[in-house]
4 protein chains.
Amino acid sequence: MPEAINTASNMVPHRKLRYAMVGGGRDAFIGAVHRKAAALDSQIDLVAGAFSSTPDKARASGCDLFLADSRNHGTWQELLADELKRDASDRIDFVSIVTPNHLHHPVALAFVQGGFHVVCDKPLVHTFAQAQELVNAVAKSGTVFGVTYNYTGYPMVRQMREMVRMGAIGNLRKVVVEYSQGWLATQLEANGNKQAAWRVDPARSGMAGAMGDIGSHAENLLCTVTGLEVEAVCADLGSVGAGRTLDDDANLLLRLSGGVRGVMMASQICVGCENDLRLRVFGDLGTLDWRQEEPNHLVHARLDEPRRVLTRGSSGLSEAAIRATRLPSGHPEGFIEAFANVYLGVAADIHARLQGSVASALEADYPRIEDGVRGVRFIETVLESSRSQQKWTVVAD
Amino acid sequence: MPEAINTASNMVPHRKLRYAMVGGGRDAFIGAVHRKAAALDSQIDLVAGAFSSTPDKARASGCDLFLADSRNHGTWQELLADELKRDASDRIDFVSIVTPNHLHHPVALAFVQGGFHVVCDKPLVHTFAQAQELVNAVAKSGTVFGVTYNYTGYPMVRQMREMVRMGAIGNLRKVVVEYSQGWLATQLEANGNKQAAWRVDPARSGMAGAMGDIGSHAENLLCTVTGLEVEAVCADLGSVGAGRTLDDDANLLLRLSGGVRGVMMASQICVGCENDLRLRVFGDLGTLDWRQEEPNHLVHARLDEPRRVLTRGSSGLSEAAIRATRLPSGHPEGFIEAFANVYLGVAADIHARLQGSVASALEADYPRIEDGVRGVRFIETVLESSRSQQKWTVVAD
Amino acid sequence: MPEAINTASNMVPHRKLRYAMVGGGRDAFIGAVHRKAAALDSQIDLVAGAFSSTPDKARASGCDLFLADSRNHGTWQELLADELKRDASDRIDFVSIVTPNHLHHPVALAFVQGGFHVVCDKPLVHTFAQAQELVNAVAKSGTVFGVTYNYTGYPMVRQMREMVRMGAIGNLRKVVVEYSQGWLATQLEANGNKQAAWRVDPARSGMAGAMGDIGSHAENLLCTVTGLEVEAVCADLGSVGAGRTLDDDANLLLRLSGGVRGVMMASQICVGCENDLRLRVFGDLGTLDWRQEEPNHLVHARLDEPRRVLTRGSSGLSEAAIRATRLPSGHPEGFIEAFANVYLGVAADIHARLQGSVASALEADYPRIEDGVRGVRFIETVLESSRSQQKWTVVAD
Amino acid sequence: MPEAINTASNMVPHRKLRYAMVGGGRDAFIGAVHRKAAALDSQIDLVAGAFSSTPDKARASGCDLFLADSRNHGTWQELLADELKRDASDRIDFVSIVTPNHLHHPVALAFVQGGFHVVCDKPLVHTFAQAQELVNAVAKSGTVFGVTYNYTGYPMVRQMREMVRMGAIGNLRKVVVEYSQGWLATQLEANGNKQAAWRVDPARSGMAGAMGDIGSHAENLLCTVTGLEVEAVCADLGSVGAGRTLDDDANLLLRLSGGVRGVMMASQICVGCENDLRLRVFGDLGTLDWRQEEPNHLVHARLDEPRRVLTRGSSGLSEAAIRATRLPSGHPEGFIEAFANVYLGVAADIHARLQGSVASALEADYPRIEDGVRGVRFIETVLESSRSQQKWTVVAD
C-alpha cells in the first residue's frame, strides 16, 4: 500500500474537543452519522447530550452511548443550563444539532446566545427571517457555526472547487446539478416509515419537501463549487405521490451570476435512484463532472483532449483535496469520511480560537452559517417561483 | 458465437429496391451514413442521384459512387424529370433527401407530388406551414414518407418503447431527455468547418440552432418512447458562442400529456460530450434509462429490486427489438445499424405496397411525416417560449 | 454533427470488386455478417456463391440473396470451375470462405491454386501441416489471403497497436487477454442449437473448443497489438459442460517475446458474459485497456497521471485508427464496421494489384495468412501443454 | 434519507472495550487505519500502546494520540508487562498488532501467552512453522484472535459469500481473482518511499513480495467467499522492477476443492491500477462479480436473465450484509467501514465472552487465525511452485 498521503489525520491538536449532541437518539438516522463522523479521527469526544424531545428516550439513548448520567439530559434546555454552569476546563467546546428541521432555530439560537460553537444540520431553518435572526446572534457572539452540507466535504468536490477557482475549465457557461432519489416513489409515509413521515409533513419539514431535503444540498454543492450565486429561478415543483402537499419532484431552470445558465433537478420519486447527486460544470475550456455515488472520481474533460478521470488520493491534486483525504487512491472513502471533514474543519476553527490564533481557509474548510442562510433564501424563492406564472423569479439580495 | 437471432436480415423481399439520393455529395457527412445504412442489408440499391446543388460536384460525386452516367444528374430537378420518364420496371422506388435543411421542403414536395416514396432527413422543414403543405401532399399522393429520426431505430430504444407500452414501469411520472455535444464549444464556424458553418447560419439551418439540430432528435425520442405529447414548454435558450445568433445551449421544462413533468437539455457547448443523448423515463413502478453512446444496453429499475441491465440480442426482449437486431448480444451494433433499421422499415412498407398488401406496424416501424410535423411545431413553440416572459407556452394542436 | 472524419469511405477505387461466397447459407450466422461487412461501404458486390454443402439449400440461399442463376451454385467445386471459365472482366476478384472450420482447408487451397484472392474465416485450418500447405500455395500463387480475425479491425484496437509501436507505454511488461462468453454454460448442443452443436464436435470444430473458437481471436488480438510472439504456454483446459470432450474453459499462463509475462482466459461457460473480449497491455510507462463490448473507447493510463479515455473519432488518434473510422466520436461503431475494415483492407490490396501498384501497410491493414498459421500453431501448442505435466511447453518456430 | 438500516451500530454493548496498539506510530500507514476503524462506532477506546520499535518515537506517537503517560510505552515488552500488572477492570481487552510483518510472530505469541485477545495485521507470520506455533498458543489460551483481512469486511463481499452458500449461482465452476496495483511500477524503494522499502526487503516483508502483500488478500477473499480450498497451484512469479528479488507480478493457475478451476493475478506494476481487487465466481446457474474500488455494488448474472446490480443497503440482502452496513443505499461506505466491521466482529466475540456467552457466527463475523495460517501455507506453496518445473504443486494439508 502506498505511502500515507493523509494530512487531516496527521494534524495534531493539543487536546481532544468535547461536544454535546441535541437530537439523534434511538431510531434517528442522521445523529448516528454525525457521531461516527465526529469519532472517526479520534479528535472529538461526545461528552453530553439531549438526544430526544422525549426525556425518557433521550436518556435511554444517552445510556446506549455510555454518557455519564450527569451529562445525559432529558431536554436540550437542561443540557444548555448544565453546560453554562460548568467550568471551561470541563465544558463542551461545541454542540451538534441534529433534530428535525423545525427545532434547528430555537436550539441553535439558544446555544449561540450562550456562547457555544455550533454544528447544525441542514436546512438551517425554515424561514429567511429565522435565518437572519440566527446570523445576527452569531455575529454578536462571535462563535463558530458550521452547517453540515456534508457533500462539500468530499475531497473530489473540493478538488472540483479548486479547479474551477484556478481556471482549469475557463469561464463557466453552464451548470447542471441533479439529485435523484427513489425512496419516496411509494407512499412510505403511510406505512409507518418515520423518515418519510416527517419529511412530507410541512409542520416538521418546512414549506419545501424534496427541495428542502435534497435540493438544499444541490444548491450548496453548486454554489460552493462554482462560486456563483443563483440570481433567478424558474421552478416547476410537483407532488407526485398521492396525498402529498410538499414537493417530491422539483425541476428548475437557473440563472447564475454573470448570466451563466443552470438546470437543477431534485426528486425523490425516481425509482432505482438511490442518492444520485451529480454536478456538472461546463466552461469554455473544459468540463468537470462528479457523482456522489462514485465520490472518489472526478471526470475532467479538456477541449480537444481525452476525458481524464482524477482519483482521490492520486498525485497532482490540490492542497484542499489532499487535506480532506485519509487513504491512498483506490481505497474508497465514502459518505462518513466526507461528513467527518466538515467536523475536522469546524474543529480546526475551534482549536485555532482556543489557541488565540486564526485558522486558515484550508484548515477551516467547512460550510458556514452564510451557506445556510443562502440555502433558506433559495428555497423560499423556489417556492415563490413555483406559484408564479412568470418565467423568472429573482432571488432577493 | 450464439445462434443468429436476427430477423431483419432474414426477411426475404422478392427483389431489391432502387433508390436515388438528393444531396450527400463529396464533403457532406450524413449522405454517406444514409448510403451505408441503405447498403448494409443488401436489399436496397442506389441507382440514381443528384448529389449536390453544384452540378459539377454532383456528377463527380455520382462517379465516385459508380452511378451510371444516365442516372447521375446535375440537379434534383433533372433527376425527378428523368425518373418520371422511366418505366416502372426501371424507375426508383424511393428518393432519399439528405440536403441541408432549407432544401428539404421543395425537394420533398416535388417528389411526393411526382408520386415517389420519400426518405427525408430531419428536421423535416423550417416552418409549420411548410410541414402542413407537405402533409397534405403526402395525404393526396398516398406515398410512403419516412423521416430519419435515426435514434429511434436502435433496438433498445424500441425495447424501451415497448416496455412503456406494456406497462413495465407503470404510470409515467417524469421524463428527462438530454442531448449534450461539445463540438461547438469553440467557434468552429470561424475556422472553415463546413458542418459548423451551415448549422449556425439561420438561412440554412432555420430559426433554431441546437434545438433544430439535436433538440429535434431529443423530442422525437421522448415522444416515440413514451407515447406522450409535449403540451407546453418553458424554454431558456442561450447563444453561448461569441457571435452566434442561433441557440447552442437549450434548457427546457416540459409539460407532457396527463401532466407528466419533463426536462430537456440540448447543448452543443458541453466540452467533452460527444453525442451524449440520454433518455430517462420514470414511472410509478420502475425506471428506464438509455444512453446513445452505450446503445446496446438499457437499464431497468423496478421498485425495490436491483437495477437490471438489458442487453440487445439477449433473451426476453420484445419482438420490435428483436426485429431490429442483427447480431447476438455482446457483439456491438451502432449508429449505422440503427439508421439502417429506419431504411428497413421504409423498405418493408414499400415492399408491401408493391405486393398489394399492408405492412404490419412491426414491419413498417419507422418515423413518419407526422413525427416530422410534430417536431417542427415543437421547435416553433420552443422559440416562442424562449422569447416569452411567461413560464409556460402551450404547443398548439 | 461534426465534420466527417472518415477516410476509408472516401477512398475512391476505380470500380467495385466482385466476390463469391462459399458457405453462409440459410441458418448460418457468420456468413450474413461477412455479407453485411462487405456491403457496408458499397465497394464490393456479391456476384456468385455456393452457400451450403447441401446443393438445394445452397441455391435457395443464393436466391434469397438475388444472385443470378448462372452464378448460384450447388457446390463450391462448381463455383470454382465456373469462375475459372469466365473472362477476367466478369470473373470474381476474390472468394470469401465462411464454411464450418473443417472445410476451410480444401476450399481455400483449391481457390488459391486457381489463382483467386481469398478471405477466409478463422481459425484458418485444423492442423499446422494443413496451414503450411496453404502458406506454400499462397506463396506460389502470389494471391491476397486475408483471415477474418475481425477484432483487430476495430479502430481503437489499431490505435492501441500504434501506441504500443510508438512507445506510448514504454517497454512491455505484462499482457492480460480475456475472452469470456456464457452461451455454452448450459448444454445448448443437446437442445438443437446448431451453432453449439458444431462447436463442441471435434470432427467439425477441430481439436480445440473454446480455444479454437475464441482463444484464437484472443491470441491474434494479443500478438497484433503487442507485436510480441507467444514463446511458451502453460495451459489448463477444462470441459465443464457435461458430456463435452472439447474445452469450454481455458486458462493459460504465457511467456511472450523478451520474457514478457502473459495471462489468457478463454471461456464459454461464464454465465452473464456475452462477448467479453478484453486486452490489457502493461508497460513501464503506461497501460492500455480495451474491451470489445465498449469498442469505441480505449483507456490509457500514464505513469502518475490520471487515466484518460480515448474515443474513436476524436482528435489526436493515429492514421491507422482514423482510416478505420466512419463516424464522428460519440456515434457508436460496432462489430460489423470492424469486420468491414478487414474487407476494406483486403479490397485495397486487390485494387492496388489490379492497378499494378502495391498497397501501403496503412491501406492493406488486415490479418494475413501468417496470422492464421501462427494461430493454428498456438492452438496446437496449447493442446499439447494441456496434456503435459510440465509447466511450460514451448511454441515451435 | 431513508430509514436507517444499520444494525451494527445499534448493537448496544454493556461497556466500551479497551485496546492497546503495537506499531502504527508516526509515519506508519496502516496503524492510523486501524485506529479510525476501531474508533468509528464509538465502542472501542484506545487506552495504551507501544507505537514504534524506537522508544522515543513510540512515546511521541502516543502523545499525538492523547494517551496517558502511564500507558504510553517505549516497547511492546513494557506494554505487555504493564498490562499484566493491571486489574481486570482497567486492563486492555485486546491488543492490535500493526507492526511490519516480521514482528507479528513474537508480539502476537507473547500477548496470546499472556492471555490477551489479539487483532493482528496480515500476512499473519512469515512461515508455516511460526503459524503453527501461534495456533497452538491460541488453542491453549482460548483467546480471540482476529486477522485483518479487511476486504472480507465489506458488506457486499459478505453478501456474495452468503449467496454462494445459499446456492444462488449453483455449483461453482470457475473463480477469477485479480489484485492489480501500479504503485511499484517504478522503483519507489530507491527514492526513499518507506512503504515501498520494507515491502521489497525480504528481511522485513518475508519471502513473498506482491504475493504476501496483496496476494494474501486475494487468497483470503477467494476462499472466504467461495468456501473452497486451494488444493494446487501453478505459479509464475516475476520481479519486473530492476533490482528486486521479491515478486512484484504474480500470475497463478489454481485448482480448488472439487476440481474447480481458478486464476489469480496479483501485481504491483500495473500502471494506472490503484487498488483493483476483483473477484468473479462462476457457477452453473449464475455469476457474481465484485470490485473493491466500487465496493457498494455486487453484479449478479443469472442464467438467461439480465445482469442485476445489487447495492449495499438495498432491500433483499442477507442478514450478514445488513449487519455490516451503516448507511442507506447510495450513501457510499468505503475501506475504513469495511475494516471497522472486522473490529466489530472481534468486539462482539470479546463482549460475548465477557458476558459468559458465545457470539453467533453472524455477530462474530471476522477472519480467524485459521485464515491467517491458511494464507501462510498458500504463500509458501506458491513460492515452491514458482521454483518448480512441474505444472502443479499441491498445497499440503
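This is a guided tour of a predicted model, stop by stop.

**Before you start**

Residues are numbered from 1 along each chain as its sequence is written, chains are lettered from A, and ligands are numbered from 1, in the order in which they are written. Because the model is predicted, local features need pLDDT of at least 70 and side-chain atom pairs count only at pLDDT 80 or more, while totals for chains, interfaces and linings use all residues.

**Stop 1: helix α2 of chain A**

Select residues 55-64 of chain A, helix α2. Helices are DSSP runs of H or I with at least four residues, strands are runs of E with at least two, and both are numbered from the N terminus. Colour Ala58(A), Arg59(A), Ser61(A) and Gly62(A): they are buried. Buried means that 20 or more other C-beta atoms lie within 10 Å of the residue's own; exposed means 12 or fewer, partly exposed is in between, and C-beta atoms are placed from the backbone. The four cover an arc of only 160° around the axis, which puts them on the same side of α2(A). That arc is taken from the directions from the helix axis to the C-beta atoms.

Now turn to the other side of α2(A), where Asp56(A) and Cys63(A) are exposed. What do the buried residues of α2(A) pack against? Show β2 (44-50) of chain A: they pack against this strand. Packing rests on contact, defined as C-beta atoms, placed from the backbone, within 7 Å. Then step past the helix to Phe66(A), which follows α2(A) and has a positive phi, near 65°.

**Stop 2: Gln77(A)**

Move to helix α3 of chain A, residues 76-85, and pick Gln77(A). Gln77(A) has 13 C-beta neighbours inside 10 Å, so it counts as partly exposed. Draw a distance to His102(A): the C-alpha atoms are 16 Å apart, with a sequence separation of 25 residues.

**Stop 3: α5 against α12 in chain A**

Select residues 128-141 and 369-387 of chain A, helices α5 and α12. Their axes come within 9 Å and cross at roughly 165°. Axes are lines fitted to C-alpha atoms, for helices over the stretch in contact, and angles run from 0 to 180 degrees between N-to-C directions. α5(A) and α12(A) are therefore roughly antiparallel to each other. The classes are: under 35 degrees roughly parallel, over 145 roughly antiparallel, 65 to 115 roughly perpendicular, and the rest oblique.

Show side chains next. From α5(A), the contact takes Phe128(A), Ala131(A), Leu134(A), Val135(A) and Val138(A). From α12(A), it takes Ile369(A), Gly372(A), Val373(A), Val376(A), Arg377(A) and Glu380(A). By class, the contact has 8 nonpolar, 1 polar and 2 charged residues. Here Ala, Val, Leu, Ile, Met, Phe, Trp, Tyr, Cys and Pro count as nonpolar, Asp, Glu, Lys and Arg as charged, and the others, Gly among them, as polar.

**Stop 4: chain A meets chain D**

Zoom out and show chains A and D. The contact takes 41 residues from each of these chains. On chain A, select α1 (30-39), α7 (194-199) and α11 (335-354): each supplies at least two residues of the side that touches chain D. The largest share, 5 residues, comes from α1(A). This side of chain A divides into 17 nonpolar, 10 polar and 14 charged residues.

**Stop 5: chain B meets chain C**

Switch to chains B and C. Here 41 residues of chain B are in contact with 41 residues of chain C. Which element gives the largest share of the side of chain B that touches chain C? α1(B) does, with 5 residues.

**Stop 6: loops of chain C**

Select Asp27(C), in the loop between β1 (17-22) and α1 (30-39). Its phi is positive, near 80°. Asp27(C) is partly exposed, with 14 other C-beta atoms within 10 Å.

Go on to Phe66(C), in the loop between α2 (55-64) and α3 (76-85). Phi of Phe66(C) is positive too, near 65°. With 16 C-beta neighbours inside 10 Å, Phe66(C) counts as partly exposed.

Then find Pro123(C), between β4 (117-120) and α5 (128-141). The peptide bond from Lys122(C) to Pro123(C) is cis, with omega near -15°.

**Stop 7: chain D**

Select Lys122(D) and Pro123(D): a cis peptide bond joins them, with omega about -15°. Finish at helix α4 of chain D, residues 104-113. His104(D), His105(D), Val107(D), Ala108(D), Phe111(D) and Val112(D) are buried there. Their cover includes β1 (17-22), α3 (76-85) and β3 (94-97) of chain D. Just after α4(D), Gly115(D) takes a positive phi of about 90°.

Terms used
Contact = placed C-beta atoms within 7 Å.
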